[in-house]
Amino acid sequence: RFENARDRYRALGDRKGEADMLGNLGALSYYLGDYEATIRFTEQAQPMFEGMGNLAGSARCLSNLGNSYSALGAFTEALACHQLSLGIYEQLEDASSCADSYSNLGNAYHALAVEGLPELYTATPHLAHEIAEALRCHNEALSIRREIQAQSGEAISLFGLGSAHLTIGELDKADQLLREAMVLSEQLELIRLSM
């Protein structure tokens with residue numbers, strides 16, 4: 001149906017509708033685990049949004065690209081996309097989306113620091129800068145989410161921070177943050193995060 005709608009919007013010359021459908025196709029592909037298709041559709045939509053001056057659409061595409069690159073283990077590409085997305089959201093003064101971008105950056109830096117293998121829970125020594133950046137980004141996200149009272153986002157940030165501290169062996173700090181994340185996620189019935 002999205003493909004049909006995309007083709008109809010294209011035939012009508014409605015670039016916004018076409019870009020929206022390409023974005024929808026990318027998002028659907030992401031949920032289906034087809035990250036290459038997500039990138040393919042989203043790379044078509046993003047310059048269309050940018051060309052129309054639709055900054056929110058462009059930033060959303062960049063976030064989706066970053067998450068897809070992360071899912072494929074291409075963390076350097078993910079970081080570049082998330083940085084661009086953050087810059088746009090800062091320009092738009094969209095606090096919630098800025099927090100999401102900081103969280104995405106924190107996750108990508110963290111994954112890069114452990115070379116994509118979080119089960120090792122040991123940051124590679126030559127990538128200490130990346131884990132420091134992960135901590136900084138997760139702290140930024142947490143600060144914004146507390147300021148705007150986005151509790152589910154706060155739980156996610158606490159989890160990200162706790163996981164990053166665990167990576168560098170700061171067990172007491174990790175324990176404190178992860179317990180806070182667990183309590184908040186249980187209160188909000190965020191079952192997957194609580195688990």
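Histidine 110 is found in helix H6. Helices here are DSSP runs of H or I with at least four residues, numbered from the N terminus. This is a predicted model, in which local features need pLDDT of at least 70, side-chain atom pairs count only at pLDDT 80 or more, and totals for chains, interfaces and linings use all residues. Residues are numbered from 1 along each chain as its sequence is written, and side-chain values use heavy atoms, with hydrogens and water left out.

Is histidine 110 buried or exposed? Histidine 110 is buried, because its relative accessible area is 11%. Buried means under 20% relative accessible area, exposed means over 50%, and partly exposed lies in between, with a 1.4 Å probe and protein chains only. Histidine 110 touches Ile131, Ala134, Ser163, Ala164 and Thr167, leaving out residues up to four places away in sequence. Contact means heavy atoms within 4.5 Å. Take one of these partners, threonine 167. Histidine 110 and threonine 167 are 57 residues apart in sequence, yet 8.5 Å apart in space, C-alpha to C-alpha.

Now turn to the nonpolar cores. Such a core is a set of buried Ala, Val, Leu, Ile, Met, Phe, Trp, Tyr and Cys residues joined through side-chain atoms within 4.5 Å. The largest one has 36 residues. Tyr69, Leu79, Tyr102, Leu105, Tyr109 and Leu158 have the most contacts inside it. Two or more residues come from each of H4, H5, helix H6 (95–113), helix H7 (128–147), helix H8 (151–167) and helix H9 (171–187). Which element gives the most to this core? H6 does, with nine residues. Leucine 79 touches Leu105, Ala108, Tyr109 and Leu112, not counting residues up to four places away in sequence. There is also a second, separate core of nine residues. Leu22, Ala37, Phe41 and Met48 are among them.

H4 covers residues 55–71, and H5 covers residues 75–92. They pack at an angle of about 155°, with their axes 8 Å apart. The axes are lines fitted to C-alpha atoms, for helices over the stretch in contact, and the angles run from 0 to 180 degrees between N-to-C directions. H4 and H5 are therefore roughly antiparallel to each other. Angles over 145 degrees count as roughly antiparallel, under 35 as roughly parallel, 65 to 115 as roughly perpendicular and the rest as oblique. H4 passes H5 in a left-handed crossing. That means the near helix is turned anticlockwise from the far one by less than a right angle; clockwise would be right-handed. The contact includes Leu62, Ser63 and Tyr69 of H4, and His82, Ser85 and Tyr89 of H5. By class, it has 13 nonpolar, eight polar and two charged residues. Ala, Val, Leu, Ile, Met, Phe, Trp, Tyr, Cys and Pro count as nonpolar, Asp, Glu, Lys and Arg as charged, and the others, Gly among them, as polar.

Look at serine 63 in H4. Serine 63 counts as buried because its relative accessibility is 10%. Setting aside neighbours within four places in sequence, serine 63 is in contact with His82, Ser85, Tyr89 and Ser101.

Helices H1 and H2 form another pair. H1 spans residues 2–12 and H2 spans residues 15–31. Their packing angle is about 160°, and their axes are 8 Å apart. H1 and H2 are therefore roughly antiparallel. H1 passes H2 in a left-handed crossing. Among the residues that meet are Phe2 and Tyr9 in H1 and Met21 and Leu22 in H2. The contact divides into seven nonpolar, two polar and four charged residues.

Serine 185 is buried, with a relative accessible area of 1%. Its contacts, beyond neighbours within four places in sequence, are Ala155, Leu190, Leu193 and Ser194. Glutamine 176 is partly exposed, at 38%. Glutamine 176 lies 31 Å from tyrosine 89, C-alpha to C-alpha, and 87 residues away in sequence.

Finish in the loops. Most residues other than glycine have a negative phi. Glutamine 149 has a positive phi of about 60°. Glutamine 149 lies in the loop between H7 and H8, and is exposed, with a relative accessible area of 69%. Glutamate 189 has a positive phi near 60°. Glutamate 189 sits in the loop between H9 and helix H10 (191–194), and is exposed at 65%.
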